[in-house]
Amino acid sequence: MSVVDRPIASPVSPEADSYPTHHFLNHSKGFLSWALTLDHKRIGLMYLVGVMASFALGGLFALMIRIHLWNFKDGWLSNQTYNQVFTLHGAIMVFLFIIPSVPAALGNFLLPIMLGTKDVAFPRLNLSSFYLWVTGLVLFLTALSVTGLDTGWTFYTPYSIETSQGGAVLAATFGVFVLGFSSIFTGLNFIVTINTMRPPGMTWFRMPLFLWAVYATSIIQVLATPVLGITVLLLSAERLLGIGIFDPKLNGDPVTFQHFFWFYSHPAVYIMILPAMGIISELMSVHCHKGIFGYRMIAYSSIAIALFGFLVWGHHMFTSGMADVTAVVFSALTFTVSIPSAIKVFNWLGTMYQGTVSLNTPMLYALAFIFLFTIGGLTGLPLGALSTDMHFHDTYFVVAHFHYVMMGGTLVAFLGGVFHWWPKMTGRMFNDKLGMVSAIIVFIGFNMTFLPQFVLGSRGMPRRYATYLPEFQPLHQLSTIGSLTLGAGLFLALVVLLLSLVNGKKAPRNPWGGATLEWMCSSPPPHDNFSSAPTVGDPYDFSDIEYDGRVGSYVKRS
Amino acid sequence: MNFILADKVQPYAWFPDGASSFVPQVDFLFTVIMWICVLFFVPIVIAMGYFMWAFRERPGYRGSPEALHNNLIEITWTVVPTIIVVWIFWEGAMGYLDMSRIPKGTIDVNVTAKKWQWAFKYDNGGEHEVAAVEGSVVKELPILVLPVDRDIKMIMRSDDVLHSFYIPAFRAKRDVVPGRYNYLWFHTTKEGTYDLFCTEYCGDNHSQMLAKVKVVSEAEYQKALAKAIQEPEDPLERGKLLYKRQGCSTCHNAGAEGASGPGPSYNGSWGKKVALENGSEVDFDENYVRESILNPQAKARKGYGKASPMNSYAGKLKDEQIDALITFIKSLENTAAAGK
Amino acid sequence: MTAIQETHSTTDHHHGDDHHHDHPSWLAHHFDDAEQQYDSGKLGMWLFLVTEVLFFSGMFCAYALYRNRNPEVFEFCSSFLNEKLGAINTGVLLFSSLTMAWAVRAAQLRQHQLLVGMLGATLGCAAIFLGVKSVEYSHKWELGLLPGKFYVAQLEGHHGPHKGYLEMLCAVPALITFLLAAYAVYAWATKSIFHQRVAGPLLTAGICFFGGVLLGQYLEAQEEASKSHGGHHEHHAMAQGHVDHDSHEHAAASDTHTHDHGAPAVPEVSPAVAMGGSPDVYVASEEVNTPKAEVNQRSMAGLFFSIYYCMTGVHAIHILGGMLVISWLIIKAAREEFHEQYFGPVDNVGLYWHLVDFIWIYLFPLLYLIT
């Protein structure tokens with residue numbers, strides 16, 4: 001089928017093609033044209049809907065947890081139900097939301113366009129990744145509805161071997177296995193695309209930083225996820241065949257399971273945060289209308305984080321009685337990850353310096369990210385230091401720390417990214433004022449939820465407790481109020497996005513003034529992205545991009 | 001006696017009161033880290049706010065896109081944090097090595113963790129006491145009595161799944177792993193009563209797997225040791241004690257006491273016919289109680305076949321002790337089943 | 001990279017109304033040229049192989065950990081594995097690697113007949129491998145050498161009753177071979193060259209499986225015979241002496257247990273599962289034969305067989321997967337789809353096949369040749 005689109009390299013007459021009549025959304029119609037699509041943009045959008053639905057489900061569980069903890073005892077859930085709820089909250093958020101959120105949803109949509117290619121290297125594999133993800137979702141929902149999964153998202157043995165909820169454990173571990181392969185194939189696809197399909201002129205150091213981040217993420221996905229695959233496979237064999245590798249009753253060792261599990265799951269933390277950092281790099285430079293400060297440092301630090309991330313898994317077992325030397329080495333390695341992360345924060349600040357800062361919804365989310373991620377990163381220090389970790393390990397301090405990183409970091413960046421690229425994906429502008437209100441509510445609600453948890457943790461409140469000592473009640477209640485605020489803010493954000501589809505203005509080609517290739521396409525982009533190879537320039541050269549009031553869009557001065 | 005931690009600690013303290021020799025190092029390191037964090041965080045936020053204002057988009061202003069790179073600044077903000085984290089690492093590792101090197105001449109306590117109770121056994125073979133706690137989720141908790149100003153070593157093992165032994169006031173924590181012994185030591189510095197938590201998720205009543213640590217003077221400790229090996233003469237009293245001490249109360253309800261699950265209540269069962277999971281019925285009598293203690297899964301009650309399985313007490317209870325428990329359950333013959 | 005740029009300058013002219021017209025059917029629309037497509041496929045395959053290696057590495061780690069902890073268990077249990085069968089299978093797989101490499105060459109040179117033949121030979125070797133493996137598995141199951149908690153060898157003795165496991169394992173292949181035979185008859189009846197080219201190699205492979213089974217049975221019987229002469233007591237000693245050990249497994253293992261922390265007397269009998277029974281104990285104790293009593297029980301030997309079945313089982317699943325894609329290649333090759341510009345699929349499946357062989361080359365000495 002031929003596509004009506006002009007090559008973007010040619011001189012642009014903005015009025016004519018700012019609002020295309022033919023684009024990837026209406027390229028073909030019908031359910032099957034979506035279900036069987038090989039177009040990375042449609043797959044990306046389907047992922048986006050999927051991960052947002054999963055997030056809503058996981059968020060609902062989170063609110064159930066917080067409401068239950070309003071009173072120190074006799075909450076509205078039984079202990080057993082509470083355990084199932086926090087398990088599902090964790091498992092859904094980690095495996096179904098955070099890991100696929102940025103790479104699979106935004107990454108799929110943006111990677112080929114930012115890179116200047118027609119599609120990813122293996123479109124069929126890409127679609128099958130999506131269906132693997134759907135299969136994983138179904139298996140998780142099975143675990144949820146048939147019986148309750150109550151092992152915690154970490155599936156620690158021997159509890160996961162002994163628990164009476166056997167069917168649920170099997171369904172969930174198989175779900176994790178399938179989701180793992182979904183993640184591997186996505187990563188593999190991205191690495192190959194970036195390596196072999198860059199158009200002429202797109203050298204490594206002309207790639208937008210988001211692509212560097214996705215590239216680093218993909219490396220982790222490909223190298224770490226198989227180990228999770230074999231671990232959960234052995235765990236299901238443990239349940240089905242009683243192989244005993246992780247079962248102390250059969251001379252197996254439960255701590256070995258923890259090592260296997262965290263060999264994946266710690267790098268997975270960087271699968272979650274690296275692409276978020278990539279988003280922030282894009283957002284900061286575009287909305288400050290200034291090139292990113294220290295491009296190479298940010299690019300290198302992404303790769304450094306990806307590599308160091310593989311060496312630090314042991315800090316999850318500091319209290320398990322590992323040998324002193326091992327603990328000390330893992331502690332030292334853990335601190336190496338903190339440096340590249342710190343560098344990035346400073347570079348983002350440097351980007352603002354002498355820029356032209358537009359305050360809008362994506363920018364507010366980006367600023368919230370820097371604030372929250374800095375707290376999350378700094379509170380990692382007492383957890384990485386061995387002697388203080390003996391006190392904080394498995395307390396609410398850890399809970400607050402990783403929520404600041406994963407939620408305050410990844411989720412907030414994800415939201416910022418969704419707002420930032422929403423006009424590009426849907427062709428509609430959202431209500432910026434309401435969007436900013438949502439960002440402020442999310443920010444306040446988030447801090448109110450998780451700051452008290454630092455105090456709870458330092459005073460000794462252990463995590464995963466369905467009931468607790470009465471003295472912790474005021475802080476828990478503050479946290480619960482915060483979580484409801486947070487929920488309201490997130491709901492508002494969703495409303496803002498959905499409203500834009502109904503009554504949003506048509507989005508121009510380049511509403512924010514970005515210089516990367518996706519802003520050279522129409523909004524929404526045509527089916528094949530580029531009918532001929534685009535001209536690739538410096539992704540952060542804003543000197544010739546100006547606002548043109550006549551078309552309501554930024555244009556490249558020629 | 002009042003065991004609520006709130007009475008001992010100022011309600012809004014950042015850390016609970018410290019009572020072991022680890023406290024100074026941990027608290028010092030944490031305080032320093034916290035101030036370092038503040039020193040980083042506050043300038044970052046101020047810079048963010050200032051840049052937001054000073055370089056805001058406004059008519060007639062256009063920022064300069066020049067400042068893209070500055071080697072000196074970039075090297076500085078790489079090297080300075082590196083030096084700081086190296087120090088934090090060193091300090092943390094040294095503190096940890098002190099914690100993991102167990103001194104000679106400790107007082108040993110055997111700790112057994114199982115779902116969902118702690119059991120402590122003193123050197124002399126005596127077992128821990130159980131005492132009532134007001135205002136807590138669990139009405140009665142095991143009490144571990146320890147002497148002040150001594151090195152104590154915990155020899156810990158688990159009967160079933162992973163647990164973790166944690167006393168916030170001592171800043172001490174160690175996982176209890178089935179299939180091996182894990183050790184934890186500390187030096188008590190202050191008399192008082194402190195909370196003990198399980199911090200590794202272990203199932204339904206994980207949050208009720210609590211205990212109290214009572215640090216007392218040497219004389220009182222000796223008294224407690226002597227008392228620990230006694231059991232009352234009266235079978236009913238003895239049964240009541242065993243009900244708590246052996247951890248029956250963590251799963252079974254008796255009178256108004258004990259957890260309401262996952263095990264069946266003792267109330268009002270004696271002498272009746274009870275339905276079993278396999279469909280048959282059995283007399284709830286001495287033999288049934290005895291068998292259920294020694295081989296709990298043999299005749300699981302209806303509706304409890306899928307509950308978390310109870311461990312066998314074979315070899316853990318003497319015949320007289322089982323007799324005492326039977327006497328105790330018998331005494332609940334006419335108690336109405338409370339709650340569930 | 002330069003090649004890609006060159007082709008770009010040529011394709012640049014074709015934008016607009018019909019940019020597909022310079023794309024042959026074998027070149028996906030989003031690739032610029034054959035080279036880019038080939039490079040992408042190759043890099044993708046290598047990355048996939050990396051994930052495969054990491055997938056297996058989990059089990060190799062488990063192997064290393066438990067062998068390090070209980071070396072005597074591994075030495076003892078390894079004696080149940082038939083080295084001859086393992087060696088035959090190693091040879092078969094090595095040969096199949098050769099035929100696979102030859103197939104790639106044939107694809108590049110448009111030698112379509114030879115390509116189908118070589119792919120067929122590879123498939124046949126894979127079938128022989130699985131046939132031999134079936135004999136090994138069924139033989140062990142009959143002895144009760146099962147994984148983990150199902151390990152019952154110490155109860156049933158060496159010559160357990162024949163339970164027909166082999167027949168069970170052969171049922172599905174027999175059905176498939178039967179269907180393939182029917183297909184072959186159809187192919188020859190209709191005189192379709194394409195169907196004949198497909199049916200021939202597939203049916204041969206099906207028959208090869210049973211060839212492998214016969215070979216395996218013959219060698220296994222030979223081994224039995226030599227055992228009942230020479231190493232008779234080796235197996236029987238354990239088979240008889242252990243019925244009574246079952247009841248107090250824990251006690252049996254406790255004396256081999258020394259604590260890695262050098263703990264003062266621990267008041268209760270340590271569980272058999274205690275960690276870190278340091279290997280030096282066994283090296284010091286004069287012979288590995290002595291602790292067999294403790295070794296041949298569920299909590300010890302069971303673990304070895306768990307690892308054995310996991311590793312060889314996952315490997316066998318990979319062989320099965322390889323057979324599926326090779327069959328797919330045979331169909332494509334029968335249609336004469338491959339040529340010097342388009343042989344990526346053969347090349348990539350070849351890479352995968354070499355990796356599967358390669359893993360076996362590690363498994364064989366690690367599991368079979370310990371003693």
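Biologist: Quick one to start: is the crossing of H4(C) and H14(C) left-handed or right-handed?
Modeller: The crossing of H4(C) and H14(C) is left-handed, where left-handed says that the near helix is turned anticlockwise from the far one by less than a right angle, and right-handed that it is turned clockwise. Please keep in mind that this is a predicted model, in which local features need pLDDT of at least 70 and side-chain atom pairs count only at pLDDT 80 or more, while totals for chains, interfaces and linings use all residues. Residues are numbered from 1 along each chain as its sequence is written, and chains are lettered from A and ligands numbered from 1 in the order in which they are written.

Biologist: And at what angle do the axes of H4(C) and H14(C) cross?
Modeller: The axes of helix H4 (residues 83-108) and helix H14 (residues 344-368) of chain C cross at roughly 165° and come within 9 Å. That makes H4(C) roughly antiparallel to H14(C), since angles over 145 degrees count as roughly antiparallel, under 35 as roughly parallel, 65 to 115 as roughly perpendicular and the rest as oblique. The axes are lines fitted to C-alpha atoms, for helices over the stretch in contact, and the angles run from 0 to 180 degrees between N-to-C directions. Helices (H or I, at least four residues) and strands (E, at least two) are DSSP runs, numbered from the N terminus.

Biologist: Which residues make that contact?
Modeller: Among them are C:Leu93, C:Leu94 and C:Met100 of H4(C), together with C:Trp353, C:Trp360 and C:Phe364 of H14(C), with two residues counted as in contact if their C-beta atoms, placed from the backbone, lie within 7 Å. The residues of this contact divide into 13 nonpolar, 6 polar and 3 charged; here Ala, Val, Leu, Ile, Met, Phe, Trp, Tyr, Cys and Pro count as nonpolar, Asp, Glu, Lys and Arg as charged, and the others, Gly among them, as polar.

Biologist: Switching to chain A, how do the axes of H3(A) and H4(A) cross?
Modeller: Helix H3 (residues 40-68) and helix H4 (residues 79-115) of chain A have axes that come within 7 Å and cross at roughly 155°, which makes H3(A) roughly antiparallel to H4(A). Their crossing is left-handed, and their contact has 24 nonpolar, 8 polar and 1 charged residues.

Biologist: Where is A:Pro158 found?
Modeller: A:Pro158 is found in the loop between helix H5 (123-145) and helix H6 (159-162) of chain A, and the peptide bond from A:Thr157 to A:Pro158 is cis, with omega near -5°. A:Phe155 has its place in the loop between H5 and H6 of chain A, and A:Phe155 has a positive phi of about 55° although it is not a glycine.

Biologist: How many residues of chain B are in contact with chain A?
Modeller: 80 residues of chain B are in contact with 77 residues of chain A, and H3(B) gives the most to this side of chain B, with 16 residues.

Biologist: Is chain B compact or spread out?
Modeller: Chain B, with 7 helices and 12 strands, has a radius of gyration of 27 Å, well over the 20 Å that the globule rule gives for 340 residues, so chain B is more spread out than a compact globule. This radius is taken over C-alpha atoms, and the globule rule is 2.2 Å times the number of residues to the power 0.38. Along its principal axes the C-alpha trace of chain B spans about 90 × 55 × 35 Å.
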